[in-house]
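Visitor: Hi, I have a few quick questions about this one. Could you walk me through it?
Guide: Happy to, let's look at it together.

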Amino acid sequence: MDEDSEVNWIIAKHFRGATHFEVWKDFSPTTDWKEAGPLIEKNKIDIRYFNPIDNPLMSEPWMGGLTTKNKDGIEYFCTAYGSTPLIASMRALAKSVSNNK
């Protein structure tokens, strides 16, 4: 399973109650705005673009971030990067729910 398939699976399990990967393999918020859009809005995910010319050390220009709480209830800003806005935002969302366990 590639990284973005794993991100889709984590989100499907957490937000859709998925229990079997095969059933949810067509769920793809990392590539589909109609699946990601409601998640971005509901979780208030901030999406930013960093120009590669201004930031040559960044391998992926998009950042997704959201305020969440860790397992101890401490609030923090969780970020992730990606080659597209959807990949970055969904990676951040998957990371935030994975960090809360």
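Visitor: Is tyrosine 49 buried, partly exposed or exposed?
Guide: Keep in mind that this is a predicted model. Tyrosine 49 has a relative accessible area of 46%, so it counts as partly exposed.

Visitor: And which residue does tyrosine 49 form an aromatic pair with?
Guide: Its partner is tryptophan 62. The pair is tilted, with 4.9 Å centre to centre and 55° between the planes. The count of aromatic pairs comes to one.

Visitor: What parts does that pair tie together?
Guide: Tyrosine 49 sits in strand β1 (residues 46-49) and tryptophan 62 in strand β2 (residues 62-69), so the pair links parts that are 13 residues apart in sequence. Tryptophan 62 is partly exposed too, at 23% relative accessible area.

Visitor: Switching topic: how many residues are in the largest nonpolar core?
Guide: That core has 19 residues. Among those with the most contacts inside it are Ile11, Leu39, Ile40 and Met90.

Visitor: Which elements give two or more residues to this core?
Guide: Those are α1 (3-16), α3 (33-42) and α4 (85-99). The most comes from α4, which gives six residues.

Visitor: What does isoleucine 40 touch?
Guide: Leaving out residues up to four places away in sequence, isoleucine 40 touches Trp33, Ile45, Ile47, Leu86, Ser89 and Met90.

Visitor: Last one: why does glutamate 75 count as exposed?
Guide: Because its relative accessibility is 53%, and exposed means over 50%. Glutamate 75 lies in strand β3 (residues 75-82). Beyond its neighbours within four places in sequence, glutamate 75 is in contact with Thr67, Thr68 and Lys69.

Technical notes. Residues are numbered from 1 along each chain as its sequence is written. This is a predicted model: local features need pLDDT of at least 70, side-chain atom pairs count only at pLDDT 80 or more; totals for chains, interfaces and linings use all residues. Side-chain values use heavy atoms; hydrogens and water are left out. Helices (H or I, at least four residues) and strands (E, at least two) are DSSP runs, numbered from the N terminus. Buried means under 20% relative accessible area, exposed over 50%, partly exposed in between (1.4 Å probe, protein chains only). Contact means heavy atoms within 4.5 Å. A nonpolar core is a set of buried Ala, Val, Leu, Ile, Met, Phe, Trp, Tyr and Cys residues joined through side-chain atoms within 4.5 Å. Rings of Phe, Tyr and Trp (its six-membered ring) pair if their centres lie within 6.5 Å; planes under 30 degrees apart count as stacked, over 60 as edge-to-face and the rest as tilted.
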